[in-house]
Amino acid sequence: SKINDGESLEYEEGSAKGIVLHSSFCNLDHGLPARDLMIAACSAFAEWAGHSRHSMLCVDALAGSRLRSIRLALEVPAVGTIVSNDLSATAHDVGLKNVNSHADALQRAGAAVELSNEDAGVLLHQLRST
């Protein structure tokens, strides 16, 4: 499905459902298998590294609509917190709506999605310094 400039679309990916906009990068045609693999890879890494439930911090530096961040929080038990970032103010607003619409599910999962609206390089430098 192609989203034209300025259009929005309800989109479901795994356990996350929300709004995606043209200005929020989301490859709807080819991205799902890659994102399924990302969930599997994060789960395998958490198990390999010995992360217990809710002990892993993840950073989604270019998060767009935040659906990938929400999905990680809901589907990977080791994830405790995801810093979900996008520089675009529009993507940040859409992400806030999407995260808020999953607030109950995130609470039940015991995971948090923290929204950030920074340059990705600056954010990663700040997180590395802490």
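Predicted model: local features only at pLDDT ≥ 70, side-chain atom pairs only at ≥ 80, totals over all residues.
Residues are numbered from 1 along each chain as its sequence is written, and side-chain values use heavy atoms, with hydrogens and water left out.

**View 1. The chain as a whole, with five helices and five strands.** Helices (H or I, at least four residues) and strands (E, at least two) are DSSP runs, numbered from the N terminus. Read from the N terminus on, the elements follow the order β-β-α-β-α-β-α-α-β-α. Of the 130 residues of the chain, 39% count as buried, a term that stands for under 20% relative accessible area, with exposed meaning over 50% and partly exposed in between (1.4 Å probe, protein chains only). Among contacts between residues at least 6 apart in sequence, 65% join residues at least 24 apart.

**View 2. The open sheet of three strands, in the order β3-β4-β5.** The pairing in this sheet is parallel, and two strands are said to pair if DSSP finds at least two bridges between them. Strands β3 (56-60) and β5 (112-116) stand at the edges, each with a single partner strand, so one side of each is left without a neighbour in the sheet. From one strand to the next, the twist averages 20°; axes are lines fitted to C-alpha atoms, for helices over the stretch in contact, and angles run from 0 to 180 degrees between N-to-C directions. Helix α2 (residues 67-75) packs on the sheet and touches β3, β4 and β5, its direction making about 175° with that of β4. Helix α5 (residues 120-129) also lies across β3, β4 and β5, and runs at about 145° to β4.

**View 3. Cys-58 and the pairing of β3 with β4.** Strand β3 and strand β4 (residues 79-85) pair in the parallel sense over five bridges. Val-59 has Val-83 of β4 as its bridge partner, and the partner of Asp-60 in β4 is Ser-84. Cys-58, which belongs to strand β3, counts as buried because its relative accessibility is 10%. The C-alpha atoms of Cys-58 and Val-79 are separated by 7.1 Å, although these residues are 21 places apart along the chain. Strand β4 itself is mostly covered, six of its seven residues being buried.

**View 4. Helix α3, with its buried and exposed sides.** The buried residues of α3 are Ala-91, His-92, Val-94, Gly-95, Asn-98 and Val-99. These residues cover an arc of only 165° around the axis, which puts them on the same side of α3, the arc being that of the directions from the helix axis to the C-beta atoms. An α-helix has 3.6 residues a turn, so residues three or four places apart point the same way. On the other side of α3, Lys-97, Asn-100 and Ser-101 are exposed. Ser-88 caps the N-terminal end of α3, with a side-chain oxygen 3.3 Å from the backbone nitrogen of Thr-90.

**View 5. Arg-66 and Asn-98, a pair 32 residues apart in sequence.** The C-alpha atoms of Asn-98 and Arg-66 are 6.9 Å apart in space. Asn-98, found in helix α3, counts as buried at 2% relative accessibility. Arg-66 lies in the loop between β3 and α2 and, at 0% relative accessibility, counts as buried. Phi of Arg-66 is near 75°, a positive value in a residue other than glycine.

**View 6. His-54, in the loop between α1 (31-49) and β3.** His-54 has a positive phi of about 65° although it is not a glycine. Most residues other than glycine have a negative phi. With a relative accessible area of 32%, His-54 is partly exposed.

Note on methods: Polar contact = N/O pair within 3.5 Å; in protein donor to acceptor, adjacent residues only side chain to side chain. Contact = heavy atoms within 4.5 Å.
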